[in-house]
Amino acid sequence: MQFEIDERQPIYRQIVETLIRQIARGFWPPGGKLPSIREVAAAARVNPNTVSRAFQELERTGLVATRRGEGTFVTTNTQVIKDYREKTARALWTDFLGKIRELGLTNEEIQRLLAELREDE
Amino acid sequence: MMTIPAVMLENVVKRYPLTRALDGVNLTIERGKVVGLLGHNGSGKTTLLKIIAGLRTPTSGQVRVLGMAPGLETKKRVAFLPEVNTFYNWMTVDDLLKFVKSFHPDLDLEKTAELKAFMNLKGESKIGALSKGQQARLKLIVGLARQADLLLLDEPLAGIDPPSRAKILHALVGELRQEGQTVVISTHEVKEAEPIFDHVIFLRQGRVALEGEAEALRAETGHSMEELFGEVLE
């Protein structure tokens with residue numbers, strides 16, 4: 001478990017984003033237990049209050065739920081995880097397409113570039 | 001329900017014969033927070049901590065600590081760790097802990113054992129033979145083993161080697177802290193300490209130059225506390 005923290009941005013948001021990415025990727029699988037607040041605080045070397053806030057935020061997404069006295073678990077509803085992954089991917093694409101369009105590229109040119117890039121892979 | 005703040009200061013002024021150490025400080029510190037008191041040497045950090053600890057009386061202004069005027073009752077519930085070392089060199093570490101226990105009965109001896117192990121200090125070592133860093137660790141043991149509601153640490157990292165600082169700081173707000181304890185840490189080593197602060201107070205020439213929740217300041221300014229320290233206090 002590793003956290004890269006940039007002190008110029010709110011730390012709790014970075015922890016939320018890291019955990020969401022790890023859940024989307026299956027690093028924390030559906031129904032699996034997340035590390036405790038103290039464990040995350042130790043790994044990220046931040047205040048447990050900050051991690052506690054991140055966990056509250058994470059619960060609001062519906063991706064995890066906390067069971068009293070047991071810990072925080074990833075949802076077993078894989079549809080919620082899929083939806084979240086798509087939502088995040090769509091946001092990335094929208095951002096990316098906006099920047100590409102600013103270069104004045106047409107849809108055809110974008111398609112052609114994408115095809116070329118895929119061949120390179 | 002409204003909880004009583006750990007500390008409230010209203011227009012606190014502290015004058016010494018030749019200087020004005022505090023020049024109208026207004027502050028509220030909420031219970032359970034880890035607070036960074038940040039400023040250069042001479043900005044008034046130590047005076048502010050001593051006033052909260054009840055070791056100095058302000059020239060004017062109001063002070064409330066855990067809802068009370070500083071006095072005997074608050075002193076039982078507040079632990080203040082001065083930057084200057086006040087230990088007797090001829091004592092051993094264990095002598096000192098017994099000595100402290102005699103006037104602070106709330107000192108938890110079980111916890112001191114755990115802390116000695118964490119800080120790598122032996123009970124039979126003579127204080128005079130300890131390095132500066134080991135003496136700084138000993139001071140932390142004394143402060144952390146008291147069942148204080150409010151812990152005031154004046155430059156606790158001074159003398160401790162850089163690789164140990166992050167580890168000690170982290171333990172300070174993590175496993176070593178009591179549930180719900182409020183901790184105020186004065187420092188000018190902002191880079192290492194900033195990830196542990198809930199709240200920061202920038203002090204300049206006896207006044208609060210800027211204060212707020214660390215996360216809110218990051219979101220508003222896009223700066224780290226270290227960068228703000230440079231901007232606000234230069």
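Visitor: Which residue does Arg53(A) form a salt bridge with?
Guide: A salt bridge here is a side-chain nitrogen of Lys or Arg within 4 Å of a carboxyl oxygen of Asp or Glu. Arg53(A) pairs with Glu213(B), and their closest N and O atoms are 2.8 Å apart. Bear in mind that this is a predicted model, where local features need pLDDT of at least 70, side-chain atom pairs count only at pLDDT 80 or more, and totals for chains, interfaces and linings use all residues. Side-chain values use heavy atoms, with hydrogens and water left out, residues are numbered from 1 along each chain as its sequence is written, and chains are lettered from A and ligands numbered from 1 in the order in which they are written.

Visitor: How many salt bridges does the rule find across the interface of chain A and chain B?
Guide: Two. As for contact (heavy atoms within 4.5 Å), 16 residues of chain A touch 22 of chain B.

Visitor: And what is the area buried between chain A and chain B?
Guide: Buried area is the accessible area (1.4 Å probe) that two parts lose on being put together, summed over both. Here that's about 1,500 Å², with carbon and sulfur atoms giving 46%. On the chain A side, Glu7(A), Arg8(A) and Arg45(A) lose the most, together 38% of what that side buries.

Visitor: Which residues make the contact between α3(B) and α5(B)?
Guide: Helices are DSSP runs (H or I, at least four residues), numbered from the N terminus. From α3(B) come Val93(B), Leu96(B), Leu97(B) and Val100(B); from α5(B), Leu138(B), Ile141(B) and Val142(B).

Methods: Helix = DSSP H or I, 4+ residues; strand = E, 2+ residues; numbered from the N terminus.
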